[in-house]
Amino acid sequence: MFNKIILLIFTLSVSSVLFADYSLDSNSDGILDIWVEELEDNSIIISSDTNFDGNVDKKLAMNGAKLTLYEETDYNLDGIMDNFYFYEDGFVVRQEVDSNYDLKIDIWVYITNDGKSISSYEKDLDFDGVVDKVKEFEVYKEDGK
Ligand SMILES: [Ca+2]
Ligand SMILES: [Ca+2]
Ligand SMILES: [Ca+2]
Ligand SMILES: [Ca+2]
């Protein structure tokens, strides 16, 4: 896919909402839908418009070794991010969800065993900002942590 990346550094064709070092029109409809931003520490941020409606609905940050650092998605495609994934050593360790799309996180999911097991979750069931339900799972921690 990235062999199709068109270098567009410092051109006005880059989206005004987003400065990007590279951008790409992945479905060839003439409208850019993937933007790649390179940071000074060699990490990159890839922003995508996966349903081609003009709004970025997925952002992925990777470090220079191509390990994922962070991800966020707009699950209901309303233009506002609502699912956030936090990574350590390339594996997701926590997911935060705004399930009722009021801009406040109401589900926290804690993940272990290299992204394979959910160790616990917390839910704010009435969306008042206070956690109402905590569920912990018996998980055999493979790495002994
Ligand atoms: Ca496109
Ligand atoms: Ca979109
Ligand atoms: Ca959303
Ligand atoms: Ca919420």
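Start by selecting β5 and β6: these strands pair in the antiparallel sense over five bridges. The model you have open is predicted. Stay on this pair for a moment. Look for Leu60, which stands opposite Glu71 in β6. Now find the turn. β5 and β6 form a hairpin, with five residues between them. Click on Lys66 in that turn; its phi is positive, about 65°.

**Zoom out**

Show the whole protein chain. How many helices and strands does it have? It has zero helices and 11 strands. Colour by burial next. Of the 145 residues in the protein chain, 12% are buried. Then look at the contacts with a separation of 6 or more: 9% of them join residues 24 or more positions apart.

Switch to colouring by confidence. The average pLDDT of the protein chain is 88. A score of at least 70 is reached by 85% of the residues. Select residues 1-17, where the pLDDT is below 50. Beyond near neighbours in sequence, this stretch has 18 contacts in the model.

**β2 to β3**

Move on to β2, residues 22-24, and β3, residues 34-38. The two strands pair in the antiparallel sense, over three bridges. Pick Leu24. Which residue in β3 stands opposite Leu24? The answer is Ile34.

**β3 to β4**

Keep Ile34 selected and look to its other partner strand. Ile34 stands opposite Ser48 in β4. Here β3 and β4 pair over five bridges, in the antiparallel sense. They also form a hairpin, with five residues between the two strands. In its turn, select Asn42, which has a positive phi of about 75°.

**β4 to β5**

Carry on from Ser48. In β5, its bridge partner is Lys58. Strands β4 and β5 pair in the antiparallel sense, again over five bridges. β4 covers residues 44-48, and β5 covers 58-62.

Between these two strands runs a loop, and Phe52 lies in it. Select Phe52. Its phi is near 55°, a positive value in a residue that is not glycine. Why does Phe52 count as partly exposed? Because it has 14 C-beta neighbours inside 10 Å, a count between the limits of 12 for exposed and 20 for buried.

**β6 to β7**

Next, select the loop between β6 (68-73) and β7 (83-88). Leu77 lies in this loop. Check its backbone: phi is positive, about 55°, although Leu77 is not a glycine. Leu77 counts as partly exposed because 14 C-beta neighbours lie inside 10 Å.

**Last stop: β8**

Finish at Gln95, in strand β8, residues 91-97. Show what surrounds it. Which residues does Gln95 touch, leaving out those up to four places away in sequence? They are Asn83, Phe84, Tyr85, Val109 and Ile111. Gln95 is partly exposed, because 18 other C-beta atoms lie within 10 Å.

Now return to Glu71, the residue opposite Leu60 in the opening pair. Draw a distance from Gln95 to Glu71. Their C-alpha atoms are separated by 9.4 Å, and the residues are 24 apart along the chain.

Methods. Residues numbered from 1 in each chain as written. Chains lettered and ligands numbered in written order. Predicted model: local features only at pLDDT ≥ 70, side-chain atom pairs only at ≥ 80, totals over all residues. Helix = DSSP H or I, 4+ residues; strand = E, 2+ residues; numbered from the N terminus. Contact = placed C-beta atoms within 7 Å. pLDDT = per-residue confidence, 0-100. Pairing = 2+ DSSP bridges.
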